[in-house]
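Me: Please take a close look at a single helix and the packing around it. Which of its residues are buried, and what do they belong to?

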Amino acid sequence: MKGKVNMISILSFVKMYFFVSMATCGTAINFDTNIISEEMTNLANRGLGVQAMQDYFETLIFDKKSIDGSAVVERLRIALNIKFQSLVGALRDLKQAVEDSADQSEAIFDHCCEMSDLEFNSRFRTELNLDTACVRVGKYANKTYRHLSQSVVDVMKSNYETTPALKWQYFGSEQGIFTLYPATSVSTCTEYDHRYRPWYVEAATPEPKSLVIVIDKSGSMNERYGGKTLMQVAIDAAITVLDTTNPGDKIGVVAFSDEAQTLSGSPRDDEDDYLNCFSDQLAQATPINIDYLRDFISSLQYGGGTNYIKALETAFDLLHASVDSEDDMERDQVILFLTDGEPEEDSQEIMEVVRTRNEEMQNRVVILTIGLGNADGLSFLTDLANQDFTKFGLEGANVTIGEIKRGDYTQVTDYGFLRNAMARYYNFFSRSATTRDEPIFSVPYQDGLGLGLMTTALMPVKHGGELRGVVCIDITLDDLLGDISYFKEGERTYAFLYEVNSKATGRTLLHPLLPAPVNIEDDPVYVHVTTLERDEKFVEFVFHNSSRQDSGEATFTSKRTLPRGNSVKEGVITTSVVSTYYWRQVSGSPYIVCFVKPEDDYQLSLGQLPRSGEDFLYHRIDLVQPPSSCRLFNRHATTAQSTVKFAPNAFSDPLDYLESEETADIVQSYADYIDDESGTIPNRYFKDGIKAMSLATARVDEIWPNVDTGYDDYTLFRYIGTENGVFREFPGVRMNKLYDPTTRPWYARSKVNQGMLTLSAPYTAASGVGHVITLSKTIVHRTVSTQVSSTSDDVIAVMGMDFTLAYFYNLLAQNYQECNEARYTCFVMDISGYLVVHKDFLNSDEDFDIEEVHITQIEPSIAKDLMMEGLLTKETCLNFQKIKDQKYYTAQSSAWSNSVNKMTNDDVCKRYQLSHIRDTNAFLGIIDISDRSAHCRDSVICPCYYRNCYTTDIDACECPCLSQADYDYCNDKFTFTSDDDPPCTPESPSLSPIIEEPDAYEGLKSCHVTDCRGKVSSSDCRAFISCTWNDDDQCVNAYPSSVTKSDSKSTVAIVASTVVIVVLLIVLASVLIVKARTGLFSNRHKHAETTGKFNASNSGSVNLAYTDAHGIPSAPMQSDLIAGGMPSAPINEAGGMPSAPINEAGGMPSAPINEAGGMPSAPMESEPIYHEPDEVSHAYQV
């Protein structure tokens, strides 16, 4: 036996010597990727139980139900009709109550800024009073304003009770008083004036208009008023005018002194060429265009003369260039002209220019003039507004093409009134505006409470032809359109909603290629439906027909776009599918609902299953205690069994689930229904099939406790998510209410790589465990009887597990000796070019960000070579919300089957091997770095400028990045054909982590118990979930061991007593020493000698271990833990702090009320979040 061992050792030595010699000569390395493939298969099957669950699901019986497209779209139409009718009915009742109030006694309501006795309301996500209304009075309100009667508030209360989806109800009067229900608190009393707001202006003048604001910026605008220059007062007033506009309007700004100035280019260099349109034409008043014009106005500086002609010529140029159709000519054409000085030119010349230019516009341009001060020369502004040409010796206007529309002149001597005077320009047009008896729906805007996109239904209230005010009701798009937002029927079907026969024909409100309303954190970019559905047959057979017919259907081949994982980084995949489009008009609205059903798609249905195993355990273990609990870092968790979380669309009423607070009773009712075997407990909450899938996935509780425990020390979580929204996790922790497994990148990535073991790039777990990697795989219902998974199989679920980055690299090092050698660098790359692991990741300091590191970033020479070989290609999709072309990479099919071996390359920067890891989405690579120099990693090889691509060359090597999309800002449209780059899919919603109070987990035993001592290297140490490598180069527990609360109190008492005793001893010793010294030295030496002074720093000091507020000794903190052991939430891409924790209602913490509700909107971040917070797991993995 000994001889056999020696012979094996000799053969191994010879083999190793030969191997090393060959490698030294620069020849190929025998890098067998089947080894790591088998390791990953073992990890998936023995550590996660994928094969066992696949085998189990194959024993279950699924029914295939055909999908009746006509019935589905009709069901959606009816649901939308009911909501619109309820909303419109409530609005009409409110309008009638306001009109009747004029003949009733007024009720005096408290000012909103003085409200108290408020209670938190989960529906509104703020504190309010449901018993009354409150008022806000504008600074320039009529002093004799009148309150509404109590009967109006009674109607508001009734609306609230009978129509749960409604949010704020309010009436803004022309006198300047704003009445809001329910009553809530605001910070200021007089700063808000609803008459400046877009919803009020839209009701007063519902037809779209073309408006040019002309602002004098001559030297005389340096006069000061109230601590501001007149220029700044004018800027504030002009910005207020901008804020009154609606996206249906067209807007332009001209500033003038000696010359006329318009917006050209942008502070963002990459957008200069695209924003020059502001100098050539008016722009649609979209939120993004208003922002650009606001920036332009804010930048104006006074100086120079007062040249009227150049200002007016430019204003007419903008109006003339913006007449694209007969509809544009029919809209009101307005010049709002502001100046404080007399013109430098001859008055007759000015009037001649106006006469000529307005004749070109068929005399449709109205000039409204505003003069600042008491200068006599300002009287000319009256003539300019009246367009009285004969007064200046000119021929009268050519009335054969249209009558002159005389404007108004307003003289402002109290400059504090300027904002009011300018902003209420619309009064001129409201006098002649026809009264509309149909509700107006505002363009959706971002709600300040974090409720997502809001729309306002409004109606003007008139008396004797005069506008008396506007009644409004707010509703979130999620409430209004939730039946589409949370629609799920079949694996590939979808629904969307767009407008027809309105001033915004084609505008899309909902579509799978746009972010869901609740997930939009900024002002939305509105996209025409033909930009999303680009096929010519859609335009011909659906879009055009839907504007003429109430219903219809058409079948043709269209393109389907799906995410490849994290759509922001990994891009999309596009396929062609034969589908039938069914559409219906939603009664009482301008909306078309469309349902798309791919050919042969069907609904999989799982029959009822008998209950087996443990009782149902919901993730709200804070409400219903699990059989046993443990501490998972700073979380209350359980390892007794898996916990269940249902996605919002698993509920029969998703919005009720999101807005209602879950209680212990509700959670218990979930369990009673799921566990019921008698069939006597009714289903009050869930859609069909949820109970069956919950019982089917419970099988993991028989598998996970029995999986190979050798993986437990390295595994943070195991989980399974299903297509219909059932999610199980082990260990179980409380999760965000909005969490839906099917929208997460790990789920989407597995579906695209169906049948493969799918790896993610590393990301930071908010638990404090450091960097983890996700391994996931689909569970399928086989369409044919075979043991081999096929892409035609139906995905039922995805299973996944999170393990440490260090563990995975150690797995490589154990199987490939070269990975341990200094001359080689090993790495694993996914099919998008992102590095799953790299040798540098393990050797990096804690400040080095290793999340989503692309090969172009860290190995640019290798990346460039892979591109030249055609194995890695750069592709583009269009990100609508950012108005950017998004560049990403994909590994071509040739790379899957062919290994790359360039170990003998003359170029020392490109000596590497790369091979696909069988049955995975990843490649294993090794680089010979023995002769490398620093220039091999020079960033100029593949530049990295994420927010602005370095080049537009699709073949050039650079990191994934964004570049300016071909977007017409002024006309608010993308222009391309169906063959252009596909749209990007929306990024997964950013979810805030659940942060628990220390009382929730203190005193609990650790979920992961590992003896961290004896781990001699950082890599070995960090491979374990519960271990961390400290500053003293020691492996220690990542968080404190179990300490009971009684022990904690005892510890506090002991430490406190010890401190007291030590202090007393120090004081006593000090006294004795002082006395001793006094006796030693005589009076003549009474002065203190340096050598005889008591040094407190060297005497009687006691080093006490740092303890937390509960007296528990602190453990060494990891870099991603904050003081006290709480996990630090990841900092977002923009450099700001992460979102606040979501409250019980599933929404954001209280904030100022939304725009239409009369309160200032909460500030939005300037940049989207790319690194999502992670709720201690895959749950928020990017």
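Reply: In helix α3 (residues 50-57), the buried residues are V50, M53, Q54, Y56 and F57. Buried means under 20% relative accessible area, exposed over 50% and partly exposed in between, with a 1.4 Å probe and protein chains only. Helices (H or I, at least four residues) and strands (E, at least two) are DSSP runs, numbered from the N terminus. These residues lie on the same side of α3, because they cover an arc of only 160° around the axis; the arc is that of the directions from the helix axis to the C-beta atoms. An α-helix has 3.6 residues a turn, so residues three or four places apart point the same way.

The model is predicted: local features need pLDDT of at least 70, side-chain atom pairs count only at pLDDT 80 or more, and totals for chains, interfaces and linings use all residues. Residues are numbered from 1 along each chain as its sequence is written, and side-chain values use heavy atoms, with hydrogens and water left out.

F57 is also one of the residues that touch the most other members of the largest nonpolar core, which has 135 residues; the others are F646, L759, F808 and V828. A nonpolar core is a set of buried Ala, Val, Leu, Ile, Met, Phe, Trp, Tyr and Cys residues joined through side-chain atoms within 4.5 Å. Helix α25 (residues 805-815) supplies the largest share of this core, eight residues. Another core, of 133 residues, lies apart from it and includes L148, I440, L453 and F595.

Over the whole chain of 1182 residues, 57% count as buried. The chain has 31 helices and 48 strands.
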